[in-house]
Amino acid sequence: MSNSSIPSFILVIGTGGTIAGLTTDSGNGGYQAGQVPISTLLTQINTKFPIKNMQLSNIDSCDLSEPHLSKLGAQVRTGLADTEVIGIVITHGTDTMEETATFLEFICGGSARNFGKKVVLTGAMLPSDHREADGPQNLSNAIEFAGKRDGQSGIWAVMGSKPIPGLALVKGHSSHIDAFFEETLSPDWIQVSNDLPIPPDNQWPWVEIITSHSGARPDTIRSLEGLGVQGIVLAGTGAGTVHENLAPALERFMEAGGAVVRASRIGRGYVGGSLANGRLAKALSAGYLNPAKARIALQLALFASTQSSPNPLSWQDYFARMVGLPEFR
Ligand code: SIN
């Protein structure tokens with residue numbers, strides 16, 4: 001960071017994405033994400049807020065790693081605790097933005113609300129040198145929203161002109177400029193008040209996503225168990241239903257100590273309760289979290305359950321609180 005004489009400022013953290021992308025040819029619209037530094041992107045916008053910027057990475061967000069998340073989480077926490085920081089904006093690829101939003105909600109959403117600050121993710125669907133680039137407007141909107149003292153502290157995303165609460169953020173279109181929508185969360189959604197610990201780089205629990213589909217085979221689950229996978233998120237059909245060929249292998253995985261969460265491959269809507277056919281009775285449902293978000297949540301719940309504390313909770317206890325399941329174990 002520079003400009004230490006500025007009394008209070010918005011911290012803008014660059015991580016990459018199409019917002020920092022550059023076209024690679026003139027013909028078919030191809031481009032490479034994560035090319036332009038955040039300091040350059042900031043010269044393309046006007047804002048009334050003093051800004052400090054920081055480049056944490058410059059990647060295509062399809063390459064987002066757990067160490068990237070650990071590093072970002074630590075930096076955001078530092079920024080939230082800094083009395084000079086008014087709010088934080090993170091430029092990010094749109095492809096995994098909802099995973100990062102979920103991570104931030106669970107590791108520092110409580111602190112953001114306690115400090116009365118916003119953490120705002122933004123990105124773009126068109127590269128920075130496109131003649132209709134959406135990045136500058138999105139970045140400008142995100143900074144204005146992060147700086148506004150309107151009582152809406154917490155984790156957010158701004159794409160276009162609409163702020164979306166971080167946990168409700170869903171990318172619902174692969175190419176449309178208006179690619180994001182806001183999941184309708186029920187009013188009794190429980191917000192976790194205590195932030196969970198950030199796993200150090202090499203201590204993230206190994207959690208995989210398995211999709212249920214016609215002709216599903218159990219062999220993959222057996223292989224994952226043999227490899228030492230600790231958790232599986234089922235991207236189930238419909239409201240989190242599971243193929244008869246997968247259910248017994250997942251039951252065995254749970255009996256051997258593995259964690260299983262049922263989500264839906266539809267990617268939006270609620271998965272709750274238990275299945276009428278009795279399959280996977282001991283799995284937890286993912287509530288409003290789609291499989292990618294549920295995977296991050298399960299990793300954080302598994303890690304939290306291994307941390308020493310006077311009253312340690314099980315991963316199920318943590319996960320149930322995170323997704324607002326009606327019954328806590
Ligand atoms: C990425 O996620 O980094 C590339 C795609 C995008 O930002 O829209």
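1. Let's start with overall size: with 329 residues, a compact globule would have a radius of gyration near 20 Å, and the protein agrees because its own value is 20 Å. The radius is taken over C-alpha atoms, and the globule rule is 2.2 Å times the number of residues to the power 0.38. Along the principal axes, the C-alpha atoms fill a box of roughly 60 × 55 × 35 Å.

2. Before going on, please keep in mind that this is a predicted model, where local features need pLDDT of at least 70, side-chain atom pairs count only at pLDDT 80 or more, and totals for chains, interfaces and linings use all residues. Residues are numbered from 1 along each chain as its sequence is written, and side-chain values use heavy atoms, with hydrogens and water left out.

3. Now find the two parts: domain 1 covers 9-182 and domain 2 covers 201-323, with bounds from an automatic or database domain assignment. Their centres, taken over C-alpha atoms, are 29 Å apart. Domain 1 brings 15 residues to the contact and domain 2 brings 14, where contact means heavy atoms within 4.5 Å.

4. How much area is buried between domain 1 and domain 2? About 1300 Å², with 65% of it from carbon and sulfur atoms; buried area is the accessible area (1.4 Å probe) that two parts lose on being put together, summed over both. On the domain 1 side, Glu66, Glu99 and Phe106 supply 40% of the area buried against domain 2, more than any other three residues.

5. Look next at the salt bridge (a side-chain nitrogen of Lys or Arg within 4 Å of a carboxyl oxygen of Asp or Glu). The rule finds one across the interface of domain 1 and domain 2. The side chains of Arg295 and Glu66 form a salt bridge, at 3.0 Å from N to O.

6. Which elements give two or more residues to the side of domain 1 that touches domain 2? They are helix H2 (66-81), helix H3 (97-115) and strand E9 (169-171). H3 gives the largest share, six residues. Helices (H or I, at least four residues) and strands (E, at least two) are DSSP runs, numbered from the N terminus.
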